[in-house]
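Dear colleague,

I am passing on to you the structure shown below, together with some notes for someone who has not seen it before. Please keep it open while you read.

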Amino acid sequence: MTSAFDYVIVGAGSAGCTLANRLSADGRTRVLLLEAGGWDRHPLLKLPLGWGRVLLNRMYDWGYDTEPEPEMNGRSIEVARGKVIGGSSSINAMAYVRGNRADYDRWASRGLPGWSYAGVLPYFRRQESWEGGASQFRGGDGPLATRKARYQDPLVDAYLAGAAEMGYAHNDDYNGAQQDGFGRMQMTIRGGHRESAATAYLHPVLGRRNLAVETGAALLFISHDLSVVRVIADDVAVMNAGRIVERGPVDRVWLAPEEPYTQRLLATIPVADGLGRLPGAA
Ligand SMILES: Cc1cc2nc3c(=O)[nH]c(=O)nc-3n(C[C@H](O)[C@H](O)[C@H](O)COP(=O)(O)OP(=O)(O)OC[C@H]3O[C@@H](n4cnc5c(N)ncnc54)[C@H](O)[C@@H]3O)c2cc1C
């Protein structure tokens with residue numbers, strides 16, 4: 001065994017949770033998922049109506065803002081990005097919109113053959129459990145629950161009636177045969193709770209013995225030219241040519257893929273029982 005993990009995934013967001021699920025599905029491949037933020041336990045992350053407060057209070061957010069924009073009258077614009085298990089899918093607006101068929105086909109025509117609409121459709125179908133069940137376009141038994149918004153507001157009805165009055169087509173399913181038209185939003189919600197990449201892909205498989213998740217673990221850098229990454233007491237020392245160039249707590253993770261000490265470093269992070277450790281690792 002040359003490594004404690006076959007894969008180290010940095011960031012437990014939409015992509016990271018999905019990858020962690022898929023890569024560890026065989027029960028053998030050892031996967032470590034590192035997340036800079038904490039667990040997604042706060043009730044406001046569960047309640048769809050809590051979204052506004054999460055966003056306004058910049059909760060579980062990296063806190064980025066743009067530089068003042070001259071074109072926006074000098075204002076800085078908030079650029080929310082999730083910092084929590086589930087990543088941005090734990091703080092997003094839950095709208096389920098796959099995108100336009102023409103965009104995928106254009107990417108394919110410009111050199112990404114697998115990204116045509118026909119190429120991605122099987123993955124969309126595999127991903128979701130649509131409340132209306134499986135069809136040519138929709139999935140019926142995937143991990144991610146999707147449904148129409150049930151939000152009741154006379155304004156929604158008036159808006160749809162107004163569109164019809166102006167001659168625009170009604171579209172009962174904009175993730176179906178065609179995207180154009182007016183209709184109700186579709187949401188990633190399960191049983192009245194937010195469905196994030198974490199609730200869909202990560203939480204259901206946390207019991208896998210070959211999957212470890214570490215929160216509060218921010219990857220600081222990946223280096224190919226470090227000579228040594230060493231653990232000294234509770235500190236990590238990043239060394240180059242025998243000299244310490246950086247020092248910090250062990251919950252801040254350095255990776256140097258070619259470097260045997262990185263494997264020791266990963267093995268010092270307290271991971272779930274049952275995962276392979278390097279012989280002699282702390
Ligand atoms: C406020 C808001 C509303 C949105 N609304 C919608 C919507 O309604 N519908 C929709 O489809 N999309 C929406 N999105 C977009 C969608 O949520 C994102 O495109 C998607 O979640 C991005 O997935 P990702 O895996 O690329 O990144 P993320 O989900 O953001 O995951 C990145 C993860 O990596 C972690 N991370 C970053 N750096 C490090 C590091 N150095 N070490 C360890 N961990 C690290 C982060 O903390 C985070 O958890 C919204 C996004 C936001 C922020």
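**Positive phi angles, strands and the ligand shell**

Tyr 60 is placed in the loop between α3 (51-56) and β3 (64-65); please bear in mind here, and in all that follows, that this is a predicted model. The phi of Tyr 60 is near 55°, which is a positive value in a residue other than glycine. As a background remark, most residues other than glycine have a negative phi. Is Tyr 60 buried or exposed? Tyr 60 counts as buried because 24 other C-beta atoms lie within 10 Å, where the cut-off for a buried residue is 20 or more.

Met 94, which is not a glycine either, has a positive phi of about 70°, and this residue is found in the loop between β4 (78-79) and α4 (101-109). With 18 other C-beta atoms within 10 Å, Met 94 is partly exposed, since that class takes in the counts between the limit of 12 or fewer for exposed residues and that of 20 or more for buried ones.

A positive phi also turns up in a hairpin, that of β13 and β14, where two residues stand between the strands and Ala 241 has a phi near 50°.

Between β5 and β6 (residues 144-148) the strands run parallel and are joined by three bridges, and the bridge partner of Ser 129 in β6 is Ala 145.

Finally, we come to the ligand. Which residues are closest to the ligand? Of the 27 residues that surround the ligand, the closest are Gly 11, Gly 13, Gly 87, Asn 92 and Ala 93. Two or more residues of this shell come from each of the elements α1 (14-23) and β11 (218-222), and α1 gives the largest share, with three residues. Sorted by class, the shell around the ligand consists of 14 nonpolar, ten polar and three charged residues.

With best regards

Notes
Residues are numbered from 1 along each chain as its sequence is written. This is a predicted model: local features need pLDDT of at least 70, side-chain atom pairs count only at pLDDT 80 or more; totals for chains, interfaces and linings use all residues. Two strands pair if DSSP finds at least two bridges between them. Helices (H or I, at least four residues) and strands (E, at least two) are DSSP runs, numbered from the N terminus. A residue is near a molecule or strand if its C-beta atom, placed from the backbone, lies within 6 Å of it. Ala, Val, Leu, Ile, Met, Phe, Trp, Tyr, Cys and Pro count as nonpolar, Asp, Glu, Lys and Arg as charged, and the others, Gly among them, as polar.
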